[in-house]
Amino acid sequence: AERQLGVRLAIDGNDNKEYDHMLEQSKTLAGKVQTSPFNRTDAEIIYREIWLASVGYCLPVTQLSNKQSKVIQSPFFNAILPKMGFNRHFPRAVIFGPSKF
């Protein structure tokens with residue numbers, strides 16, 4: 001795979017290099033979140049501005065399975081959810097569902 005505008009694309013359609021990079025990025029960011037003192041507002045800004053931007057940029061051109069996506073998200077969500085005031089075992093569908101509900 002070669003890096004193309006921030007995404008690691010392979011000619012054969014194999015997304016393993018991108019998956020490995022995203023997983024490492026998630027673990028690194030999770031470690032930084034766990035060791036940093038900040039409030040709920042700061043945690044939400046980190047989630048929306050840093051996490052969604054870094055992970056969401058690659059998704060339209062990659063073909064990751066649901067299982068791979070969950071593995072990538074797990075380290076970061078286990079670190080950021082307590083900082084946002086949620087139990088990390090609380091259902092994700094409720095946490096990330098529409099705010100009007």
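A pocket here is an open set of points on a 1 Å grid over the protein atoms alone, with protein on both sides within 12 Å along at least five of seven lines. With that in hand, let's take a friendly walk through this model, which is predicted.

**The chain as a whole**

The protein chain has four helices and two strands. Following the sequence, these come in the order β-β-α-α-α-α. The chain holds 101 residues, and 28% of them count as buried.

**The largest pocket**

How much space lies in the largest pocket? About 220 Å³. Its lining is made up of Arg40, Glu44, Tyr47, Arg48, Met84, Phe86, Ile95, Phe96, Gly97 and Ser99. Helix H2, which spans residues 40–56, gives the largest share of that lining, with four residues.

**A salt bridge in the lining**

Two of the lining residues, Glu44 and Arg48, join their side chains in a salt bridge, at 3.0 Å from N to O. A search of the whole structure turns up one salt bridge. Both partners sit in helix H2, four residues apart, or about one turn of the helix.

Another lining residue, Met84, belongs to helix H3, residues 66–84. Met84 and Glu44 are 40 residues apart in sequence, yet their C-alpha atoms are 6.4 Å apart in space.

**Exposure of selected residues**

| Residue | Relative accessible area | Class |
|---|---|---|
| Glu44 | 35% | partly exposed |
| Arg48 | 45% | partly exposed |
| Met84 | 14% | buried |
| Val94 | 55% | exposed |

Why does Met84 count as buried? Because its relative accessible area is 14%, and the buried class takes in values under 20%. Val94 is classed as exposed because its value is 55%, where the cut-off for that class is over 50%. Glu44, at 35%, is partly exposed, and so is Arg48, at 45%.

**A nonpolar patch on the surface**

Which residues form a nonpolar patch on the surface? They are Phe86, Phe90 and Val94, and together they have about 270 Å² of accessible area. Val94 has its place in helix H4, residues 92–95. Phe86 links this part of the story to the pocket: Phe86 is a member of the patch and also one of the residues lining the largest pocket.

Definitions and conventions:
Residues are numbered from 1 along each chain as its sequence is written. This is a predicted model: local features need pLDDT of at least 70, side-chain atom pairs count only at pLDDT 80 or more; totals for chains, interfaces and linings use all residues. Side-chain values use heavy atoms; hydrogens and water are left out. On a 1 Å grid over the protein atoms alone, a cavity is a set of points where a 1.4 Å probe fits but cannot get out, and a pocket is an open set with protein on both sides within 12 Å along at least five of seven lines; lining residues have an atom within 4 Å of a point. Grid points are joined across faces, edges and corners, and a volume is the space filled by probe spheres set on the points. Patches are made of residues with over 30% relative accessible area and no salt bridge: like charges are joined within 9 Å, nonpolar side chains (Val, Leu, Ile, Met, Phe, Trp, Tyr) within 5 Å. Accessible areas come from the Shrake-Rupley method with a 1.4 Å probe; for residues, only the protein chains shown count as cover. A salt bridge is a side-chain nitrogen of Lys or Arg within 4 Å of a carboxyl oxygen of Asp or Glu. Buried means under 20% relative accessible area, exposed over 50%, partly exposed in between (1.4 Å probe, protein chains only).
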